[in-house]
Amino acid sequence: GGAGKGKKEKEQLLTMQRAARLLQHMAMSLRALTSTNPRPEQAAEVLASSTLALSQLAALADSEHRQNLLWCLGGHTASIELLRVLSDVEKQARLPPEAVKAMRESAFALLCAFCEGNKRNQAVLFEHFALILAHMCNVRKATTCARLVLQDHAENCASVTRAHLTQLMGLMSEGSARYAWYLHLSDPLGMRGTPTLTLFIH
């Protein structure tokens, strides 16, 4: 009944709040690994906890109301910070590759859930578009995220810079097996109709 539904909604809200707070702590824990010469299991534990919190938030961000709630909780900011910190930590500490990959995919799954079909959240993520593009070479969900940030959002498409397009063309010119992933971006970018886009597509 209505009472049961309300209780479930409250429990899910509490789960979102806890997971968002955990993500903020995990960013600090991850950064701390650079000064402790961590054991592999220690790094794996931090990454696994982060991945779990990211996955919980992504699963619950299934409506516009919850996308907006996630924005209020700062879940997207914590995810971006985790991605930035992870890139820094990787340069200084040995981290388990599979755990790193899982955390990155989960972070972008959350960002996809955060912005899909939500104009305000798409605009919020566009501020980090260069970071999203930078992850496309090794995180498949990053390509999906880049596409969703632009999808049906004329303002974001119009704001794509030459630097962004150069970044995209650089990825494509590497000739990796991931080439087809990048073509998913051509549809939303087609809204621009700029000469530069022709260089990107062809």
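Author: The axis of a helix is a line fitted to its C-alpha atoms over the stretch in contact, and the angle between two axes runs from 0 to 180 degrees between their N-to-C directions. The model discussed here is a predicted one. Helix H6 (residues 119-126) and helix H8 (residues 140-150) pack with their axes 8 Å apart, at an angle of about 120 degrees.

Reader: What is the hand of the crossing in which H6 passes H8?

Author: H6 passes H8 in a left-handed crossing. The term applies if the near helix is turned anticlockwise from the far one by less than a right angle.

Reader: Which residues in H6 meet residues in H8?

Author: From H6 come Gln122, Leu125 and Phe126, and they meet Cys145, Leu148, Val149 and Leu150 in H8. Sorted by class, this contact of H6 with H8 has 6 nonpolar residues, 1 polar residue and no charged ones.

Reader: What makes H3 oblique to H5?

Author: Helix H3 (residues 64-73) and H5 have axes 8 Å apart and pack at about 120 degrees. Perpendicular packing ends at 115 degrees and antiparallel packing begins over 145, so H3 counts as oblique to H5. The residues in this contact are Gln67, Leu70 and Trp71 of H3, with Leu110, Ala113, Phe114 and Cys115 of H5.

Reader: Why is H5 called oblique to H6?

Author: H5 and H6 pack at about 135 degrees, and their axes are 7 Å apart. Roughly antiparallel would require an angle over 145 degrees, so H5 is oblique to H6. In this pair, Leu111, Phe114 and Cys115 in H5 meet Asn121, Gln122, Val124 and Leu125 in H6. The contact of H5 with H6 has 5 nonpolar and 2 polar residues by class, and no charged ones.

Reader: How do you know that the reach of H5 is close to what is expected?

Author: Helix H5 (residues 97-115) has 19 residues, and the distance from its first C-alpha to its last is 27 Å. At 1.5 Å a residue, 27 Å is expected, and the model's value is close to that. H5 is followed by Gly117, whose phi is positive, near 70 degrees.

Reader: How do you know that Leu83 counts as buried?

Author: Leu83 is placed in helix H4 (residues 75-90). Buried requires a relative accessible area under 20%, and at 0% Leu83 therefore counts as buried. Beyond residues up to four places away in sequence, Leu83 touches Arg104, Ala107, Phe108, Leu111, Leu131 and His135. Leu83 and Met103, which are 20 residues apart in sequence, are 8.7 Å apart from C-alpha to C-alpha.

Reader: Is His128 buried or exposed?

Author: His128 is found in the loop between H6 and helix H7 (129-134). The relative accessible area of His128 is 18%, and the cut-off is under 20%, so His128 is buried. With residues up to four places away in sequence left out, His128 touches Ile80 and Arg84.

Reader: Is Arg94 buried or exposed?

Author: Arg94 lies in the loop between H4 and H5. Exposed means over 50% relative accessible area, and Arg94 has 80%, so Arg94 is exposed. The C-alpha atoms of Arg94 and Ala43, which are 51 residues apart along the chain, are separated by 8.5 Å.

Reader: What makes Asp152 exposed?

Author: The relative accessible area of Asp152 is 53%, which is over the 50% cut-off, so Asp152 counts as exposed. Asp152 lies in the loop between H8 and helix H9 (154-159). The phi of Asp152 is near 55 degrees, a positive value in a residue other than glycine.

Reader: How many helices and strands does the secondary structure of the protein come to?

Author: The protein has 13 helices and 0 strands. Of its 202 residues, 45% count as buried. Among contacts between residues at least 6 apart in sequence, 76% join residues at least 24 apart.

Terms used: Residues numbered from 1 in each chain as written. Predicted model: local features only at pLDDT ≥ 70, side-chain atom pairs only at ≥ 80, totals over all residues. Heavy atoms only, no water. Helix = DSSP H or I, 4+ residues; strand = E, 2+ residues; numbered from the N terminus. Contact = heavy atoms within 4.5 Å. Nonpolar A, V, L, I, M, F, W, Y, C, P; charged D, E, K, R; others polar. Expected span 1.5 Å × (residues − 1). Buried < 20%, exposed > 50% of the residue type's maximum accessible area, 1.4 Å probe, protein only. Parallel < 35°, antiparallel > 145°, perpendicular 65-115°, else oblique.
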